[in-house]
Amino acid sequence: MIGRIRLCVLCMPSVRYFSRNMGLVEKPMFKPKRAVVLTKMTRFEYEKEKNRLQSDDDLKDYLKEKGSDYDGLFQRHEGHHSNLKMLTESLKKNGIETQVVGRFDYTHQVIDSADVIFSAGGDGTFLLAASKILDNDKPLIGVNTDPIRSEGHLCLPKAANIPQSMEKLLAGKFRWKLRQRIRIYISGKDSYKEPIELHDQQLESLEDRFNEHVKENEMFPEANSCDAGKQTRLLPVRALNEVFIGESLSARVSYYEISVDDTNLAKQKSSGLTVCTGTGSSSWYFSINHMTDEDVRKLLLIANEFSDSNIATNNSSAIREITEKFNSTFKFDSDFPKMAYTIRDPVFNGIFQVSQPRGFAKKISIRSRMWDACLVVDGGLSFQFNDGMTADLEIHENDALKTVQLF
């Protein structure tokens, strides 16, 4: 159902108008001429492709065998394509030439041919679309095509009707919203090796996936010194949510050296390092750092023991309020020009210490001391990051992604 309907968009400069509440403000102009719609692969399509099933009956039998709901998958598949069709028809109705592509055809050349990118799916599709947009003046607009099952935090509001949303965009009833992203430089012998597309890897056979995992001489490691032909590479993607650095197998300890904002390198062992933007601060970063009501209650009990305080620890509503207040400190604005980092499960002993397991930075530098490590961008693109390789993560305000927020 992926057609070649060329869609193009022209985003005009803003015009000024007077608001009684805000004074002289910019009214954005959105006059599309050419656009590209990146559509997700539905679970229904994924299961057929992954298992190389020729017919829907074969898929039905396969899903029944493993206890999955064929009818539910098919219904959501149809719902996605119905909303995708509504989006493309709405674009064409407004004189916008449209090209719909799947993830395998979403290339820099395709992106360069358009003036605006739409993602049709959920947050995962939006992140994939964002990662390859290097032009900070090319807007990305997300449309949640499965609002019942998908959060779509980065997409237009769930309640937004697609034709009505298009009318608002064309009428200038929105504001531009900038989301900071992370720029990544890597250096070392393997810095120009092709990354692994984790979504593509899921479609490969288990044997191929295992070979991909151990191909880096995991069992018989070779020297990988940066001194041998050191090269620095600016990665051709930007991270909108987060970057993870660590061993590929989560059961292994990650060993590396780290510098925050050009401080001296410090050796650390942990379960890896996550670095996020404001956009990603409500995602994995939040999940790692947040506390539960029970955590807070136990801390208050201990505080009562060691002080003259008599905080009521049986007041569940007060505990909830304190917990939410603490957890809210981990979320920050998407346009904030710094990264937040967290050392996951840091090792503390007589040799290794982590003085600040989390914080903010403009620049983070890491040198790998690992044998089968990865640097993963937004959970979708994995670069080799083995012993001796270095990575510099930076925030540059001109890398910000241009998105919209409807009125």
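**View 1. Burial of D399 in the predicted model.** With a relative accessibility of 4%, D399 counts as buried (under 20% relative accessible area with a 1.4 Å probe, protein chains only; exposed is over 50%, partly exposed in between). D399 belongs to the loop that joins β20 (390-395) to β21 (401-406); strands (E, at least two residues) and helices (H or I, at least four residues) are DSSP runs numbered from the N terminus. Apart from neighbours within four places in sequence, D399 is in contact with R181, R183 and R238, contact meaning heavy atoms within 4.5 Å.

This is a predicted model, in which local features need pLDDT of at least 70 and side-chain atom pairs count only at pLDDT 80 or more, while totals for chains, interfaces and linings use all residues. Residues are numbered from 1 along each chain as its sequence is written, and side-chain values use heavy atoms, without hydrogens and water.

**View 2. Helix α3 and its buried residues.** The 24 residues of α3 (residues 70-93) span 34 Å from the first C-alpha to the last, close to the expected 34 Å, which is 1.5 Å times one less than the number of residues. Buried positions in α3 include Y70, L73, H77, H80, H81, L84, L87 and L91. Residues three or four places apart in an α-helix point the same way, because there are 3.6 residues a turn.

**View 3. The two ends of α3.** At the start of α3, a side-chain oxygen of D69 comes within 3.2 Å of the backbone nitrogen of D71. Just after α3, G95 adopts a positive phi of about 75 degrees.

Note on methods. Polar contact = N/O pair within 3.5 Å; in protein donor to acceptor, adjacent residues only side chain to side chain.
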